[in-house]
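Subject: Structure for you to look at

Hello,

I am passing on the structure we talked about, with notes on what was found in it. Please look at it alongside the text below.

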Amino acid sequence: MLQNRDLSPVRILNFQHVLYSQLEVRFTWWMHDSRILNHLQFHLLATSISSVQMGESSLQEQGSGRISAHVLQTGRKLKWASYLCSMVIVLQYLMQSADADPVLGTSRGYCRPVSIANNKTEDCCLPAPTRDPIRFQLPNVQKLRVRRPAHELANDVEYVNKYNLAYARMKALPDDDPRSFLRQWHIHCSFCREAFLSRYLNGTATPYTLQVHYSWTFLPWHRMLIYFHERILGSLINDPEFTLPFWNWDNQLDEGAGQMPQIFLPYNPPNPAINNSFLHEGAVRNPNHLPPKVLPLNFKISDESTGKTSTPEEIKDANLCLVWNMVYNKVSAQEYLGGKYNTSANFASVGAPTVGEPGGSENLHDTAHEWVGMLNNDNYPDYEDMGVFTYSGRDPVFYSHHTNIDRLWDVWQTLPDEVTEDGTRTRKEFDDVDFLETEFTFFDENQDMVRVKVKDTLSSAKLGYTYQDMSAADKLWIDHKPKASTPSFRTTQLSYTPNDYPEVVPNANNTIGSTPVCFKLKRRAPNRDDLKGTQVKHIGELSEGVLMEKVKVPEMMYVRFDVFVDFPTADIETDVDKSDYVGTFTHLPSGVMNMESVISQISAADDDVLYRELNIRFSTGIALRRLGIKDYSTDITVTIVPRFRAGDEDKTITFANLKQEFL
């Protein structure tokens, strides 16, 4: 009991301060998550904090000479505050089962093989840890390790040989070693193909499979996948300073930066001083896309069959436009990182599915997968390797590609705001507890299973690495302006108005086929209600966008479409380097040749498994201002231009709604 202890006045004040701080932390946490704290809890907790503060204030006002007279009174207040705090904790616990929590993504427990074509499966389940999992600790950083661009390392004999040796030793490890190359690509296969169940933070399983795409987990999870992959490679060659190269495909300044990196290809002519066999042997890549071909971020499948080619200047302009659109133009966390994900999320599309939402970063990254992999070759019905998530992790290019995605996240954090009307918005990650406390497990270089929270991943510098300065190349897409900044169609095509096109019917099966479709979109000005749930306080800092809700994407189908505003006649030949272009969505199939090959193997009762529902967001504010549309009362058109692959011309995609939204 406090009143029976011989406590000095200073210790009493210190104890008060500590308890007050703890109460304040819990108070902030609960207030931040409005689902947990109802009005009664708020009143109880606020009362307890107020009681402690009043006691401390009274003691300080009366001076140290009279502190001892208040010890018992302070003790009673502290005890009352602790009782109330305990009551809040109990209430929180009782409410836990009814509310969503941050996700625990772990490879322990339930695991199922993932399905591929022709009744085949791939067992991507990971070995059980031999020791209890450990909590991730940020490294003690003395010096930042520097990741360098792959195109500058191709002739670095020492680096290439060292890199090759690391993979040689990784591939020589036994299959039951979590550091082995087999298990490294199984990590991506299992977490990205829903082999595991997501879990509550107490470790018990949810009813839902775990998926690290289509949400705010995409960037943090892949960052730590690369982090541990890099550390394992370094440990195998006894080089703690080793770093992975990044495939700098967004770089339109340096020759060769956007080509499939030479470091991952046989040297021609051979260089006897270099051995990179373990960086390319066994990897399945599209032979039509080898150097000097440059990755076109607006890659069109139809061009492959027709033989149509783009000039280097056209590829450069389109690439600059897409990186600007998917990175610079995404000023809010939700636009760039993706939508929310917690323990209520069910991406399996069975029952009441959760609607996923990929961010600009994920949408931008898909094209490199598609372009490197065998997406359009009938001799490779599983689209391996990079062309499908099941197999992409078994190509070393995958890790270099994602290292650049990680680099762009670093760049995004530093970009100014020339997107919103005020131009004063600071880019920052989510501060949602569900985001920060989301937890994943990885195996480290010591074969330990490590528990990592998202809040540990938000700074590459704290993780001990940085990137070679590429600001000169980055500046090209940061400063890019569309070369065809045409005015609104209504000034050039007076026979057209938005009223000539249908509005989307909410909650109906609005259809996208293989030909462009155009809809009218009603607009309004933002108001203070739009600030709720955002990270800004002023209306002028909101980002205007168009949201396609509940797009029902066939899981086994390649889907890609471009979106244009105020350009109803846009079609598959329309240049994306225009002011009216606002973005592209790509969905990679799950490793089967066509839907029919799977439908024939799955009962009608399981048809829902073949679909995924997604929200797809396009940032439109700056595009509309460039088009001269500055009045929010001006309605517009939204044109969706699909780019389906050959053989899918009769397929359709449905969506529930199309609406204006502010973030």
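The notes below cover a sheet, the helices across it, a pocket and a helix pair.

Please keep in mind that this is a predicted model.

Sheet. Four strands form an open sheet in the order β12-β17-β14-β15, with antiparallel pairing. β12 (517–521) and β15 (581–587) stand at the edges with a single partner strand each, so one side of each has no neighbour in the sheet. Direction ignored, neighbouring strands are turned against each other by 20° on average. Between β14 (residues 559–565) and β15 there are 6 bridges, and V563 has G583 in β15 as its bridge partner.

Helices on the sheet. Two helices to look at here are α9 and α11. α9 lies across β14 and β15, at about 85° to β15. α11 (residues 360–372) also lies across β14 and β15, but runs at about 55° to β15.

Pocket. The largest pocket has a volume of about 920 Å³. Its lining counts 37 residues, with V294, P296, T309, S310 and I315 nearest the centre. By type, the lining divides into 11 nonpolar, 12 polar and 14 charged residues. α8 (301–306) and α9 (312–328) each supply at least two lining residues, and the largest share, 6 residues, comes from α9.

Helix pair. The axes of α5 (residues 157–172) and α7 (residues 218–236) come within 8 Å and cross at roughly 95°, which makes α5 roughly perpendicular to α7. α5 contributes Y163, A166, Y167, R169 and M170 to the contact, and α7 contributes H229, I232, L233 and L236. These residues divide into 7 nonpolar, 1 polar and 1 charged.

Regards

Conventions: Residues are numbered from 1 along each chain as its sequence is written. This is a predicted model: local features need pLDDT of at least 70, side-chain atom pairs count only at pLDDT 80 or more; totals for chains, interfaces and linings use all residues. Side-chain values use heavy atoms; hydrogens and water are left out. Axes are lines fitted to C-alpha atoms, for helices over the stretch in contact, and angles run from 0 to 180 degrees between N-to-C directions. Angles under 35 degrees count as roughly parallel, over 145 as roughly antiparallel, 65 to 115 as roughly perpendicular and the rest as oblique. Contact means heavy atoms within 4.5 Å. Ala, Val, Leu, Ile, Met, Phe, Trp, Tyr, Cys and Pro count as nonpolar, Asp, Glu, Lys and Arg as charged, and the others, Gly among them, as polar. On a 1 Å grid over the protein atoms alone, a cavity is a set of points where a 1.4 Å probe fits but cannot get out, and a pocket is an open set with protein on both sides within 12 Å along at least five of seven lines; lining residues have an atom within 4 Å of a point. Grid points are joined across faces, edges and corners, and a volume is the space filled by probe spheres set on the points. Two strands pair if DSSP finds at least two bridges between them.
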